[in-house]
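Me: I would like to learn how to read aromatic pairs in a protein structure. Could we go through one together?

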Amino acid sequence: LVRSYSIPPAFEPRAAGPDDRASRPPPGFVAIYKEQLIRGLRLPVPPALAEVLSYFRFRITQTHPNSIRIVIGFLIYCKLCSIPYSLSLFRAAFVLKASFPGWYYFCRRAGDQSRGDKGCQELFYKFPSSVKNWKGDFFFVKSIGLDATAWRVGPVKLDPSPKDLDVETLFQLLTSKVKLTATKFSSKQISAAGLMGTLSGSSGE
């Protein structure tokens with residue numbers, strides 16, 4: 001995994017032992033799932049993804065791999081369509097949901113039919129509906145670039161559609177005819193969207 005996904009040595013990746021739990025990483029570390037990497041996550045964690053996690057106050061470990069795909073895919077989509085990305089724009093397109101206690105995922109924001117609001121259109125094409133048997137395949141990395149967020153367990157509060165969005169940017173998103181194939185994102189797509197960063201002081205700079 002370190003070789004395949006070019007994980008920088010500064011993250012000190014560690015294999016998980018038989019008694020390790022993703023919810024109880026070593027001090028200063030966080031658990032990452034193999035399926036999250038397959039769905040588009042790269043280290044260091046893109047600042048936009050870290051901002052999403054910080055806003056909703058849950059760990060990357062608690063994020064369903066398909067939701068990693070949604071965030072990464074949305075960033076690629078914005079880059080592809082020359083749409084200025086912002087956290088508010090992401091929140092206008094997606095809402096957070098809870099599945100089992102302690103696990104979270106994003107889904108497309110629905111509109112208010114009574115007001116003729118159709119919500120955000122479908123942005124992705126060939127988006128896999130589920131990922132099976134992923135929770136046991138994890139490892140630990142240093143939590144560089146991530147807030148020290150406590151393990152969250154509980155319901156999700158309603159997140160109203162943000163009011164501070166630029167009207168033209170929102171219109172551009174809602175009227176775009178582009179559909180992004182989301183079966184698997186290529187390294188070229190991820191890199192072009194600026195999601196393969198380097199660490200300060202690393203050999204990649």
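Reply: What follows moves from the overall chain to a few of its rings. Please keep in mind that this is a predicted model.

Me: How many helices and strands does the chain have, and in what order do they run?

Reply: The chain has six helices and seven strands, and from the N terminus on its elements run β-β-α-α-α-α-β-β-β-β-α-β-α. With 205 residues, a compact globule would have a radius of gyration near 17 Å, and the chain agrees because its own value is 17 Å.

Me: How many aromatic pairs are there, and how is the pair of Tyr 33 and Trp 103 arranged?

Reply: Ring centres must lie within 6.5 Å to count as a pair, and by this rule there are 17 aromatic pairs. Tyr 33 and Trp 103 form a tilted one, with 6.3 Å from centre to centre and 55° between the planes. Tyr 33 belongs to strand E2, while Trp 103 lies in the loop between strand E3 and strand E4, so the pair ties together parts that are 70 residues apart in sequence.

Me: Why is the pair of Tyr 33 and Phe 138 edge-to-face?

Reply: Planes over 60 degrees apart count as edge-to-face; the planes of Tyr 33 and Phe 138 are at 70°, with the ring centres 6.1 Å apart, so this pair is edge-to-face. Phe 138 is in strand E6, 105 residues from Tyr 33.

Me: Are Tyr 33 and Phe 138 buried or exposed?

Reply: Both Tyr 33 and Phe 138 are buried, and Trp 103 is buried as well.

Me: Which residue has its charged end over the ring of Phe 127?

Reply: That residue is Arg 69, whose charged end sits 5.2 Å from the ring centre. Phe 127 also belongs to an aromatic cluster, with Tyr 55 and Phe 124 among its members.

Key
Residues are numbered from 1 along each chain as its sequence is written. This is a predicted model: local features need pLDDT of at least 70, side-chain atom pairs count only at pLDDT 80 or more; totals for chains, interfaces and linings use all residues. Side-chain values use heavy atoms; hydrogens and water are left out. Rings of Phe, Tyr and Trp (its six-membered ring) pair if their centres lie within 6.5 Å; planes under 30 degrees apart count as stacked, over 60 as edge-to-face and the rest as tilted. Helices (H or I, at least four residues) and strands (E, at least two) are DSSP runs, numbered from the N terminus. Buried means under 20% relative accessible area, exposed over 50%, partly exposed in between (1.4 Å probe, protein chains only). A charge sits over a ring if NZ of Lys or CZ of Arg is within 6 Å of the ring centre and within 35 degrees of the ring normal. The radius of gyration is taken over C-alpha atoms; the globule rule is 2.2 Å times the number of residues to the power 0.38.
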